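This report is for a reader who is meeting the structure for the first time. Please look over the sequence and the model before reading on.

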Amino acid sequence: MKMSCFSCCMSEETVNRKSLKKSIQEYKDAKKLASFANISFKSDSSKRRYIAEEIAKIGKGNITAQIFSFSDLSIATQNFNPDSLVGEGGFGRVYKGHIESLNQDVAVKQLDRNGFQGNREFLVEVLLLSLLHHTNLVNLVGYCADGDQRILVYEYMSNGSLEDHLLGMSPDKKPLDWNTRMKIAEGAARGLEYLHEAANPPVIYRDFKASNILLDGEFNPKLSDFGLAKLGPTGDKSHVSTRVMGTYGYCAPEYALTGQLTTKSDVYSFGVVFLEIITGRRVIDNSRPSEEQNLVTWAQPLFKDKRKFSLMADPSLEGNYPVKGLYQALAIAAMCLQEEASVRPLISDVVTALAFLSNKEEGDDEEKEKSPSGRNTVDDVEKDAPDGAWERD
């Protein structure tokens, strides 16, 4: 079945890519981004003026985000009414609001002033989402930096996060069906592909997890929360070195051990989330028996035994999935979760494999596609897949 929701207007994508490359290329030094974002300010007015100046300087006219006052956002959320609260985490709280001047529903994320995300994360998110525009990235409507307030305003995503529908789901929610799960996985992978391959230097997301994948009314996914994103290596550098951040369980092993970050670190995190999508299990679940508490550790031996593949399907699917599709999805997850970063696929290869899987109807001929890297993705998946996952009928 053709997933038309992922088709993009090529002319618009080309324009966005050119303007993005032009903007970021003039600001390649990642150290500059980190240094200006860590600056402390003597007064609120100088703080707000500095933020506006830096955003204008880097954006070179591409900035579309509006500056809101705290009063504007108080009105939009009815004084941050608890009844409007739609999400809460270590970063702060998210409220549903309505901006009258735009006639638009929005999600208003009020960062905790004593919490994890500080000036640097706030500025990185404003800058990146002002420069990055893609159908699978959440749209930043604006921001507020009044006094010590740090507030981000996004388009409102009516179906919440993937986590809401997949992990610890409330009884009133219907489980996601197989096709919707594959559609979400493909769209999320396309978002990463844009970050890795349209941006120059590439942008490493660094916090890919189910709670950061938001869903619109048709369950189209968009990546959100870019405060931990880093500009990737340039020139002859193979990685960027940074302190280890992100969420336990999703971090690639080489990054967790050494702090060396590459786009392949995001590919590993994608593999973890894709395994969550397939199995309906959290990456870390202390309520399960000890040998099943770490999802990846539990899955690794099962990848090697075709007879046990069905044990990995989410029980809430009640068997309503294509058996071959399950095997092929597990093959993609296994490739992404390779211990060695160098043997993991590019995210563009993952997108091609997922598109093949999503678009394949029962009885279709398996036409092989070339990935953007020039490799034959279907053959690559077959070669690296668990035994029997891509057997031909």
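Which residues does F274 touch, not counting residues up to four places away in sequence? F274 touches M182, A185, A329, I332, A333 and L354. The model in which these contacts are found is a predicted one.

**The chain as a whole**

The chain has 393 residues, and 54% of them are buried. Its secondary structure consists of 13 helices and 12 strands. Of the contacts between residues at least 6 apart in sequence, 65% join residues at least 24 apart. The chain exposes about 18000 Å², and 47% of that area is supplied by carbon and sulfur atoms.

**Nonpolar cores**

The largest nonpolar core contains 87 residues. L195, L223, F270 and F274 are the residues with the most contacts inside this core. There is also a second, separate core of 12 residues, which includes A76, F80, C144 and I151.

**Helix 9**

Helix 9 runs over residues 263-279 and has 17 residues. From its first C-alpha to its last it reaches 25 Å, close to the 24 Å expected at 1.5 Å a residue. The helix is mostly covered, with 16 of its 17 residues buried.

Both ends of helix 9 have a local feature. At the start, a side-chain oxygen of T262 comes to within 3.1 Å of the backbone nitrogen of K264. Just after the helix, G280 takes a positive phi of about 75 degrees.

**Aromatic pairs**

A pair of aromatic rings is described by the distance of the centres and the angle of the planes. In the whole structure, a search finds nine aromatic pairs. Two of the pairs are set out below.

| Pair | Centre to centre | Angle between planes | Type |
|---|---|---|---|
| F70 and F80 | 5.5 Å | 15 degrees | stacked |
| F270 and F274 | 5.8 Å | 25 degrees | stacked |

The pair of F70 and F80 counts as stacked because its planes are at 15 degrees, and planes under 30 degrees apart fall into that class. This pair links distant parts of the chain: F70 is in helix 4, while F80 is in the loop between helix 4 and strand 2, 10 residues apart. F70 is partly exposed, with a relative accessible area of 28%, whereas F80 is buried at 10%.

In the other pair, both F270 and F274 are buried. F270 and F274 also belong to one aromatic cluster together with Y205, F208 and F226.

**Residues in strands**

Is Q110 buried or exposed? Q110 counts as buried because its relative accessibility is 17%, and the cut-off for buried is under 20%. Q110 has its place in strand 4, which covers residues 104-111. The side chain of Q110 makes a polar contact of 3.1 Å with the side chain of Q149. Leaving aside neighbours within four places in sequence, Q110 is in contact with F70, F80, F91, G92, R93, Y95, Q149, R150 and I151.

Q66 lies in strand 1, residues 66-67. With a relative accessibility of 33%, Q66 counts as partly exposed. Apart from neighbours within four places in sequence, Q66 is in contact with L102, V141, G142 and Y143. The C-alpha atoms of Q66 and S130 are separated by 9.9 Å, and these two residues are 64 residues apart along the chain.

**Positive phi in two loops**

Where is Q78 found? Q78 is in the loop between helix 4 (70-76) and strand 2 (85-89). Phi of Q78 is near 55 degrees, a positive value in a residue other than glycine. Q78 is exposed, with a relative accessible area of 55%.

F219 has its place in the loop between strand 8 (213-215) and strand 9 (221-223). F219 has a positive phi of about 65 degrees although it is not a glycine. The relative accessible area of F219 is 22%, so F219 is partly exposed.

Key: Residues are numbered from 1 along each chain as its sequence is written. This is a predicted model: local features need pLDDT of at least 70, side-chain atom pairs count only at pLDDT 80 or more; totals for chains, interfaces and linings use all residues. Side-chain values use heavy atoms; hydrogens and water are left out. Helices (H or I, at least four residues) and strands (E, at least two) are DSSP runs, numbered from the N terminus. The expected span of a helix is 1.5 Å times one less than its number of residues. Buried means under 20% relative accessible area, exposed over 50%, partly exposed in between (1.4 Å probe, protein chains only). A polar contact is a pair of N or O atoms within 3.5 Å; within protein, one must be able to donate a hydrogen and the other to accept it, and residues adjacent in sequence count only if both atoms are side-chain atoms. Contact means heavy atoms within 4.5 Å. A nonpolar core is a set of buried Ala, Val, Leu, Ile, Met, Phe, Trp, Tyr and Cys residues joined through side-chain atoms within 4.5 Å. Accessible areas come from the Shrake-Rupley method with a 1.4 Å probe; for residues, only the protein chains shown count as cover. Rings of Phe, Tyr and Trp (its six-membered ring) pair if their centres lie within 6.5 Å; planes under 30 degrees apart count as stacked, over 60 as edge-to-face and the rest as tilted.
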